[in-house]
Amino acid sequence: MSNAQQFDTRPQGEIPVESPLAYSMQRSGAPKAKAGTKVTMRERPFLGQLTLRGGAIVLDEALREVVGLGLPGEPLGLVQDQAGERSIQWISPDEWLLIVPGGEEFDIERRLREALGDAHFAISNVGGGQTVLELEGEAASEVLKKSVAYDVHPRHFSVGKGVTTVFAKATVILRRPSEERWELVVRRSFADYTYRWLLDAGEEFDIAVEN
Amino acid sequence: MTSNAQQPNRLSQGGRIDRSRKLSFTFNGTRYQGHPGDTLASALLANGVDIVNRSFKYSRPRGIVAAGAAEPNGIVQLGSTEAGQVPNVRATQQALYEGLTARSTNGWPNVQRDLMGLIGKLGGQFMPPGFYYKTFMAPASMWLTYEKYIRKAAGLGRSPNENDPDIYDHRHQHCDVLVVGAGPAGLSAALAAGRAGARVMLVDEQEEMGGSLLSSRENIDDAPATSWVEKTLEELSELEHVTLLPRTTANGYHDHNFVTLHERCTEHLSDLAPSANGRRQVRARLHRVRAGQVVLASGAHERPLVYGGNDVPGNMVASAISTYVRRYGVAPGKRLVLSTSNDHGYRAALDWLEAGREVAAIADARQNPDGELVEQARSKGIRIIAGSAVIEARGEKRVSAAKVAKIDIAGFKVAGPVEELACDTIASSGGFSPVVHLASHTGSRPTWNDDILGFVPSPVKGMTPAGGAHGVYALDKVLEDGVAAGSAAGEACGFSAASVSQPNVKNLREGAAVALYQVPHLKATLRGPKQFVDMQNDVSSAAIEVATREGFESIEHVKRYTALGFGTDQGKLGNINGMAIAARCLGRTIPEVGTTVFRPNYTPVSFGAIVGRHCGELFDPERYTAMHQWHVENGAEFEDVGQWKRPWYFPRKVNGKTETMHEAVSRECSAVREKVGILDASTLGKIDIQGPDAREFLGRVYTNKWAKLAPGRVRYGLMCKDDGMVFDDGTTSCLAENHFLMTTSTGGAATVMEWLEIWHQTEWPELDVYFNSVTDHWATMTVTGPEARKLMSELTDIDLDKDSFKFMDWREGNVAGVPARVFRISFTGELAYEINVQANYAMHVWKKLFAHGDKYGLTPYGTETMHVLRAEKGFIIAGQDTDGSVTPEDLGMHWAIGYDKPNSWIGKRALTRPDTKRTDRKQMVGLKPKDPSVVLEEGAQIVFDPKHAIPMPMKGHVTSSYYSPTLQSGFALAVVKGGHQMMGDTVYLPMADGQVHEAEIVSPIFLDPKGERQNV
């Protein structure tokens, strides 16, 4: 056993919960779609997020058993289940990000720890520390070009790819789960900056925010 | 304001302007009219405006000389409103729009009657190069006075005094092939690379793409060249992976094919960006391009000849004449004399003649000019004077005549009688200089090519020059060269070349050119009329000769001594001529003299474009904690800690008056010492450490021991760099045998994380341990003060008994219904609980604490109070009380050093050096001012003998200093040489205002030295 302490951070009762963008949307607004809207932003808050560290082979086996999804086969890879609800993204040679529906993460971590047994690994719950922003629409890649240094051209950034990259003066994890949709995994404390930046950069495309 | 609706120099037909529409504009207070398609320069010339400026140094009247980026004189201040002021705009590059307002940048009181000109004229001979250095530098104290007047007399415009209301943008771009310049070579290259399937960006600085073809006499495929341009652009715009960027200048070419582009999105429409569909529009954009390959098709600048009076308005480079006639439908004069060293210049005379104007003569420096263009001129009856040149232009505010004479180039002398030809316009051509500026930005020095009498780019990895920039000038060859460059660039990116058929272009037989730069005069250079080399910086051939006589032999020195090619000009027209003159004076060849280095940017870039949207509230990220909204709503003043916004203090309104910081901090301090306070400590860095070797790893990165820390316990740790100097501190908790949670300082979080990874990855990869940042996952609130336990007991199921949940223990349980880890650690010296919950639930917990805390006097406090409270306890802040030169022993923290740990640890070796064992090192002590009302200045120097003669030996300095409401006195932490052995001694702090403060050296622990308050 890994002899680490697992801690379920989710309360049992009905407790008010605030996404990292709760204040930002209130303060900076959440523009509605207009006729000319070419890009739409959406937060997917409260997802379960686990950082997995360890050897690829053991993690892959354990993940197949517990989540039913193996590690992406190559660097910068992103895999997801049929419904697109669970995904695993390569972050670095011994690091992956597992995102699952909120509430599943504690049980998944427990079962992964069991499955991994004596192997050397680490699992850290990071769900409170980052949120997922989606960008969708014909101008999404234009907004990204204003924001990230990485090349988002379809020849270079195909579906099923994900990178950690510079976003304005912060960093984001940028991934492309489908042709029309981009996901930005944003650190909580930088979420407001990212949100305001995207509103500003998206202004010329009449960016809309959906909740 | 006077009005002048006439356009006396406008031709009745021809050009790419829209005569059906008129645009009015104002220049120096006079209103004029032009047409869509005009530049400000072409419109001014159409209106017969000869003088557009006064020169920088001598204040001579100057007119438009060129038609593009190389223009040295037509530099204007643009803007009809204060906020819309733009300095440094070249009239030749500025599209005309309705209401455009421009002024000359020089000339006082105005360009027509210029007082400075009088001084320039009288004083000209007394203003040699280096004049300002020599005349005004002494005494140094007077420079500020001189400068005020010199700046008034000379300058290149001014910045606006109001905020810019416009928005700007950046784009990160990536492409396979970046083609710079959309003339014949660039268009062909883009077509070749684009058809091959490459991602192509084609950028061009002008209003319209097409480059020289927009004013070309030649046909392509038996039709005017412009129809080929249109056809090519149409195909390019239909190619999916090709991006066309007009009005976009490639301004900087940096390492690894990183090119910066400046796109002017609305500056052809109005001063300030007009709104579109009720939305603000981006005014200008900076593109940051990473290109696989660069095709440099930036063309060539025509070199003017350097002859006497060549700056009198009416002197122009020959190709500019063609451009104004053919592209803008403007013939800026009546009677032309052309002075040329080559065939290309003849086009100007032919175009001039076809515009219905008179050509007085062509002075051709060659003995036997015989190319096809020469034949055409002859057949039209133009007088050609072989072996001659214009040696001097006559006239003051406009050319009135040209003095033409036979010249002996090799002997550098006039070889025949002087003939004076009446004319109002003199065109000159000394051949072309490839625009090598961008290639030079990479550090590559251009290579002299004797065949074309010009510098061409030297090889740059990933760059292919094409067309004019490559020294290829004949149109058919240029088109070929473009296709070859585009295909090669595409292939280098993995795209096999597509077929591009060579359009049908008549090959013109060309006579050889002759090398002519400075034209000899009857008088020696230093005595003859001024021959200008760099008109923007007012550098003459005489100045260069003087520079070489004064011993400046390196061209870089000549440049700096004379200002040749300085500033925004970057030597576009003058540099090669200047080098040729330096070469003549030094008796060397041009390649021996070499070139100066061209630097970015090629033409000026607006600050707005450089800044993009990184301004105002987006200038830098603001990091917020989960409780940020509460802090805002409760009136917190914020302090920037790294990028975090932390509450600094929470001023209250008392009797309608807002507390000062001092009042608020006193109240907050007392609340913590007497009742209970709460701090948002979420910003502290938190690193989750897992693995069987986690404990061993901690033992190696911290100075103290970790072998025996049991699960459920917390320990303070000190981290040193390998030089033994403290760089961060914090507590680390043992969560399980192989699992630890490390905290770092707010500002040090990322650095510590990197530090751990570096040591793990490079030095100890054999240790099985992983680090993950969980800073943002947890929100942390510190509840501290004598009433903390009572408050906590109302909200948690954790057993708070002082014997089961002791100081430096942590426990898990629920707080306000939310799972929490609670740590009994204290940065205030009081009973304290640090509650950690998942950040999304933090606001709920925070508010619940207040709902229950009111009756205990729960008071939110900020970083200032935190600083006071921790300093009273002598707790250091890494980075405030340490500065990278302080060891743990200097801090008196011997208890936190495990010299006897079984393995070595970072800093151990350095801490055993004699230097770190010295007893006279600066050591941490407390300072108690003798006058309790004094709060010493942080950074104040400490001396032992205030009567010592200056310079006094400085013995230490104050690192932290506050007023303590608990001690009712100012107090400070300081580092003092040998301070640990000086308890009770008096030291002195002389201040800048002459006061000398006295203070006693005391223990840095001012309050509760035994720690009884935190252990309750």
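## Close-up views of chains A and B

**View 1. Where chain A meets chain B.** In this predicted model, 48 residues of chain A are in contact with 52 residues of chain B; two residues are in contact if their C-beta atoms, placed from the backbone, lie within 7 Å. On the side of chain A that touches chain B, the elements giving two or more residues are β2 (48-54), β6 (121-125), α4 (140-147) and α5 (191-201) of chain A. Helices (H or I, at least four residues) and strands (E, at least two) are DSSP runs, numbered from the N terminus. α5(A) supplies the largest share of this side, six residues. Sorted by class, the side of chain A that touches chain B holds 17 nonpolar, 17 polar and 14 charged residues. Here Ala, Val, Leu, Ile, Met, Phe, Trp, Tyr, Cys and Pro count as nonpolar, Asp, Glu, Lys and Arg as charged, and the others, Gly among them, as polar.

A note on reading the labels: residues are numbered from 1 along each chain as its sequence is written, while chains are lettered from A and ligands numbered from 1 in the order in which they are written. Because the model is predicted, local features need pLDDT of at least 70 and side-chain atom pairs count only at pLDDT 80 or more, whereas totals for chains, interfaces and linings use all residues.

**View 2. Chain A as a whole.** Chain A has five helices and eleven strands. Its radius of gyration, taken over C-alpha atoms, is 18 Å, close to the 17 Å that the globule rule gives for 211 residues, so chain A is as compact as a globular protein of that length. The globule rule is 2.2 Å times the number of residues to the power 0.38. Along the principal axes, the C-alpha atoms of chain A fill a box of roughly 55 × 45 × 30 Å. Buried residues make up 47% of the 211; a residue is buried if 20 or more other C-beta atoms lie within 10 Å of its own, exposed if 12 or fewer, and partly exposed in between, with C-beta atoms placed from the backbone.

**View 3. The two domains of chain A.** The domain assignment gives domain 1 (21-45 + 130-211) and domain 2 (48-126), with bounds from an automatic or database domain assignment. Their C-alpha centres lie 24 Å apart. Ten residues of domain 1 are in contact with twelve residues of domain 2. On the domain 1 side, β8 (161-167) and β9 (170-176) of chain A each give two or more residues, and β8(A) makes the largest contribution with four.

**View 4. Strand β36 of chain B and its partners.** Six of the six residues of β36 (residues 685-690) are buried, so this strand is largely enclosed by the rest of the structure. One covered face carries B:Gly685, B:Ile687 and B:Ile689, and the other B:Lys686, B:Asp688 and B:Gln690. Six bridges join β36(B) to antiparallel β39 (residues 739-744) of chain B; strands pair if DSSP finds at least two bridges between them. In that pairing B:Lys686 stands opposite B:Thr743. Four bridges link β36(B) to β40 (residues 770-773) of chain B, also antiparallel, where B:Gln690 stands opposite B:Tyr770.

**View 5. The hairpin of β50 and β51 in chain B.** β50 (residues 986-990) and β51(B) pair in the antiparallel sense over five bridges. Five residues lie between them, and B:Gly994 in the turn has a positive phi of about 100°. The covered face of β51 (residues 996-1002) presents B:His997, B:Ala999 and B:Ile1001.
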